[in-house]
Amino acid sequence: MTAETPERARRLSGRVVAATHNPGKLREIRELLAPHGVEAVGAAELDLAEPEETGRTFRDNAAIKAEAAARASGEPALADDSGLCVEALGGAPGIYSARWAGDSRDFAAAMARIERELRAAGAPRPWRAHFVSALALAWPDGRIQTFEGRVDGDLVFPPRGTAGFGYDPIFLPDGHDRTFGEMRAEEKHGVPADGSLALSHRARAFQKFARECL
């Protein structure tokens, strides 16, 4: 699962399968692709199975999901694997971020677990963390391109805001006074028209993806 070199990069147009069953993630992918005229259809809408994520990195797992969706659908597939890495917890939950929320996707419980473990460890504040997003674009012929973005910040408790999804309500990005959970979608992951760095991890990964693939 090696990223395609820029000189061999393919351009995407028309339609792509968004290899996710997460409604919040699908919504963000659609919002990022819409200005480029690319339609995203969700894996759940096509009744595609979710592959087992056996990778050791975000890039590995994004590639696994994208490749599975491309094979099953016969169309290009875009997958995101992302998560929250907490420094004082040795990078956890990391690639297991979704699993910490359980099958019911109870992120309130997952956020409470993070706070509980930080306090039990006696970790001094500020509680530093970063979000990582890896995007993988897979083609039916097996070719794949991967891109990664990261944003750093502090964790805050209790959670603040009801926007976004996942761990957004406890993540305060550097240089801001509101959590991702308190930000509008376009503010969090909008890609600046002037080419300056986007805010969210997914938008930063998308900027790299857009330069080569759109």
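User: Where is P93 found in this structure?

Analyst: Welcome! This is a predicted model. The peptide bond that leads from A92 into P93 is cis, with omega near 0°. As for its place in the chain, P93 is found in the loop between β3 and α3.

User: Which residue does a cis peptide bond join to F157, and where is P158 placed?

Analyst: Here too a proline is involved: a cis peptide bond joins F157 and P158, with omega of about 0°. The place of P158 is in the loop between β5 and β6 (171–173).

User: Is D47 buried or exposed?

Analyst: D47 sits in the loop between β2 (39–42) and α2. Its phi is positive, about 60°, although D47 is not a glycine. Over 50% relative accessible area means exposed. D47 has 70% relative accessibility, so D47 counts as exposed.

User: What is the phi of R105?

Analyst: R105 lies in the loop between α3 and α4 (107–121). With a relative accessible area of 43%, R105 is partly exposed. R105 is not a glycine, yet its phi is positive, at about 55°.

User: Which residues lie nearest the centre of the largest pocket?

Analyst: This pocket has a volume of about 820 Å³. Its lining is made by 37 residues. The ones nearest its centre are N22, K25, E53, A98 and R105.

User: Which elements give two or more residues to the lining of the largest pocket, and how many of its lining residues are charged?

Analyst: The elements that give two or more residues are α1 (23–33), α2 (58–73), β3 (77–86), α3 (97–100) and α6 (201–213). Sorted by class, the lining has 15 nonpolar and nine polar residues, and the charged ones number 13.

User: Which element gives the largest share of the lining of the second largest pocket?

Analyst: About 200 Å³ of space lies in this pocket. It is lined by 13 residues, with E31, L32, P35, G190 and V191 closest to its centre. Two or more residues come from each of α1, α5 (185–189) and α6. The largest share, three residues, is given by α5.

User: How many nonpolar residues are in the lining of the second largest pocket?

Analyst: Let's go through the classes. The lining has two charged and three polar residues, and the nonpolar ones number eight.

User: How far apart are the closest N and O atoms of E28 and R202?

Analyst: E28 belongs to helix α1 and R202 to helix α6, so the pair links parts of the chain 174 residues apart. E28 has a relative accessible area of 4%, so E28 is buried. R202 is buried as well, at 2%. The two form a salt bridge whose closest N and O atoms are 2.5 Å apart.

User: Which other residue meets E28 in a salt bridge, and which residues are joined into one network?

Analyst: The side chains of E28 and K188 meet in a salt bridge of 3.0 Å, N to O. That pair runs from helix α1 to helix α5, across 160 residues. Both E28 and K188 are buried. Salt bridges that share partners make one network of K25, E28, D80, D168, K188 and R202.

User: What is the N to O distance between D154 and R128?

Analyst: D154 is in strand β5 (residues 144–155) and R128 in strand β4 (residues 128–138), 26 residues apart. R128 is partly exposed, with a relative accessible area of 25%. Their side chains meet in a salt bridge, and the N to O distance is 2.7 Å.

User: Which side chain of opposite charge is nearest to R204?

Analyst: R204 is found in helix α6. It touches G149, R150, V151, L197, A198 and L199, not counting residues up to four places away in sequence. A salt bridge needs a nitrogen and an oxygen within 4 Å. R204 is buried yet has no salt bridge, and the nearest side chain of opposite charge, 5.8 Å away, is D152.

User: What distance separates the C-alpha atoms of S196 and Q207?

Analyst: S196 is in the loop between α5 and α6 and is partly exposed at 33% relative accessibility. Q207, in helix α6, counts as buried at 9%. Q207 touches S196, along with others including V191 and P192. The residues are eleven apart along the chain, and their C-alpha atoms are separated by 9.5 Å.

Technical notes:
Residues are numbered from 1 along each chain as its sequence is written. This is a predicted model: local features need pLDDT of at least 70, side-chain atom pairs count only at pLDDT 80 or more; totals for chains, interfaces and linings use all residues. Side-chain values use heavy atoms; hydrogens and water are left out. On a 1 Å grid over the protein atoms alone, a cavity is a set of points where a 1.4 Å probe fits but cannot get out, and a pocket is an open set with protein on both sides within 12 Å along at least five of seven lines; lining residues have an atom within 4 Å of a point. Grid points are joined across faces, edges and corners, and a volume is the space filled by probe spheres set on the points. Helices (H or I, at least four residues) and strands (E, at least two) are DSSP runs, numbered from the N terminus. Ala, Val, Leu, Ile, Met, Phe, Trp, Tyr, Cys and Pro count as nonpolar, Asp, Glu, Lys and Arg as charged, and the others, Gly among them, as polar. Buried means under 20% relative accessible area, exposed over 50%, partly exposed in between (1.4 Å probe, protein chains only). Lys and Arg count as positive and Asp and Glu as negative; His and the chain ends are not counted. Contact means heavy atoms within 4.5 Å.
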